Amino acid sequence: MWLDEDGWIDQPWVHRIPCSNHDPRPLGTQIDSLVIHSISLPERVHHFDAVKALFLNQLDCTAHPEYAALEGLHVSSHFVIDRQGGVYQFVSCDRRAWHAGVSAAMDRQNFNHFSLGIELIGDVYCPFEQAQYDSLFKLIAELRNRYPLKYGFAHSDIAPTRKTDPGPFFDWKRIRKSYTYELLPKS
């Protein structure tokens with residue numbers, strides 16, 4: 001198993017960049033869901049550096065007009081997969097990353113409590129790269145070795161009035177083909 005006892009993947013293909021935007025999960029919480037996101041800063045720009053700066057609370061919110069709305073925002077995700085398939089872990093899987101925000105589905109609320117967040121560098125306007133899917137499959141396989149993952153959601157599934165990601169170009173059929181459990185209840 002590649003996850004250490006503290007919830008970090010200990011493999012050379014995962015780059016560890018600890019951030020401070022997390023807190024403890026509620027006691028006794030079972031991690032059973034994945035939430036797939038997409039992110040681009042600014043919109044339609046697919047570079048990792050701005051996302052990294054956002055998660056590390058180092059984004060210069062004066063550097064681009066779109067960043068002004070992010071001033072004072074503290075967010076994170078457990079993982080980010082860049083366009084070349086690089087995998088970056090920002091938060092231990094055992095901790096609650098701040099990726100889902102106000103969220104609800106299947107009679108459950110606050111998905112940060114019981115989910116793992118995976119951000120793909122990209123947006124709702126273009127397809128994701130094959131390298132990103134390859135890394136996503138590898139990451140999901142590893143996470144399933146430790147956690148009883150049963151569900152997978154788009155961010156838009158759990159926050160439909162606020163979010164549209166990962167968008168229409170994310171290939172859910174490809175994911176379903178690889179995982180036969182109740183991952184991705186969305187059609």
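Phe48, Phe55, Tyr88 and Phe90 form one aromatic cluster, in a predicted model where local features need pLDDT of at least 70, side-chain atom pairs count only at pLDDT 80 or more, and totals for chains, interfaces and linings use all residues. Residues are numbered from 1 along each chain as its sequence is written, and side-chain values use heavy atoms, with hydrogens and water left out.

**Aromatic pairs**

The structure holds ten aromatic pairs. Rings of Phe, Tyr and Trp (its six-membered ring) pair if their centres lie within 6.5 Å; planes under 30 degrees apart count as stacked, over 60 as edge-to-face and the rest as tilted. Phenylalanine 128 and phenylalanine 170 are an edge-to-face pair because their planes stand at 75°, with the ring centres 5.8 Å apart. Phenylalanine 128 belongs to the loop between strand S9 (115-121) and helix H2 (130-146), and phenylalanine 170 to the loop between helix H3 (155-158) and helix H4 (172-178), so this pair ties together parts that are 42 residues apart in sequence. Helices (H or I, at least four residues) and strands (E, at least two) are DSSP runs, numbered from the N terminus.

Another aromatic pair, tyrosine 151 with phenylalanine 153, is tilted, at 6.3 Å centre to centre and 35° between the planes. Both tyrosine 151 and phenylalanine 153 are buried.

**Charges over rings**

A charge sits over a ring if NZ of Lys or CZ of Arg is within 6 Å of the ring centre and within 35 degrees of the ring normal.

| Charged residue | Ring | Distance from ring centre |
|---|---|---|
| Arginine 44 | Tyrosine 125 | 3.7 Å |
| Arginine 174 | Tyrosine 133 | 4.4 Å |

Arginine 83 is found in the loop between strand S4 (79-81) and strand S5 (87-89), and arginine 83 counts as buried because its relative accessibility is 11%. Its side chain makes polar contacts (N or O atoms within 3.5 Å, where within protein one must be able to donate a hydrogen and the other to accept it, and residues adjacent in sequence count only if both atoms are side-chain atoms).

Histidine 78 lies in the loop between helix H1 (48-55) and S4 and is buried, with a relative accessible area of 0%. A polar atom of the histidine 78 side chain is 3.0 Å from the backbone nitrogen of glycine 117.

Key:
Buried means under 20% relative accessible area, exposed over 50%, partly exposed in between (1.4 Å probe, protein chains only).
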